[in-house]
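Open your viewer and get the selection tool ready. Let's take a short tour, one stop at a time.

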Amino acid sequence: MKTFIIGRIRSFKYAIKGMLILLSTEHAIITQSLIALVVTGAGIYFNISRFEWIAQIFAIGFVLAIEGLNTAVEKLCDFIHPKFHNKIGFIKDVSAGAVAFAATFAIIIAVFIYYPYFI
């Protein structure tokens, strides 16, 4: 049991390290984090409901998580095949497309939340 707990603590430490790496090196994550702060400020300003907070926090977390996975896929592809290759390009495009899906639906959620406050 002790080794299980120590293993979970180490896993959490690596996860935090990964988050810090993303936040300090990846421009897309930095930009999306700034957008998340602005939207969070808007939530505070407009005093959005509990359900709206849940939807907003989920959307923010989902976009950041998918962007992190996209970054990992791109770095792995660059490591495996540093030069341009059509199949690697396809993989990277699909990975970026997943981020685009997440961001598009996050924007739709934001419109559902904030549109009523502007009318």
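Begin by selecting the buried residues of helix 3: Glu 52, Ala 55, Gln 56, Ala 59, Val 63, Ile 66, Glu 67, Gly 68, Asn 70, Thr 71 and Cys 77. Buried here means under 20% relative accessible area, exposed over 50%, and partly exposed in between (1.4 Å probe, protein chains only). Helices are DSSP runs of H or I with at least four residues, numbered from the N terminus.

A note before moving on: this is a predicted model, where local features need pLDDT of at least 70 and side-chain atom pairs count only at pLDDT 80 or more, while totals for chains, interfaces and linings use all residues. Residues are numbered from 1 along each chain as its sequence is written, and side-chain values use heavy atoms, with hydrogens and water left out.

Next, show what covers those buried residues: helix 1, helix 2 and helix 4 are among the covering elements.

Now pick Lys 75 and Glu 26, which form a salt bridge with their closest N and O atoms 3.6 Å apart. (A salt bridge is a side-chain nitrogen of Lys or Arg within 4 Å of a carboxyl oxygen of Asp or Glu.) Lys 75 sits in helix 3 (residues 50-80) and Glu 26 in the loop between helix 1 (2-25) and helix 2 (27-46), so the pair ties together parts 49 residues apart in sequence. Glu 26 counts as buried, at 18% relative accessibility.

Last stop: select Lys 92 and Asp 78, a salt bridge whose closest N and O atoms are 2.6 Å apart. Lys 92 is partly exposed at 22%, and Asp 78 is partly exposed at 35%.

How values were computed:
Helices (H or I, at least four residues) and strands (E, at least two) are DSSP runs, numbered from the N terminus. Contact means heavy atoms within 4.5 Å.
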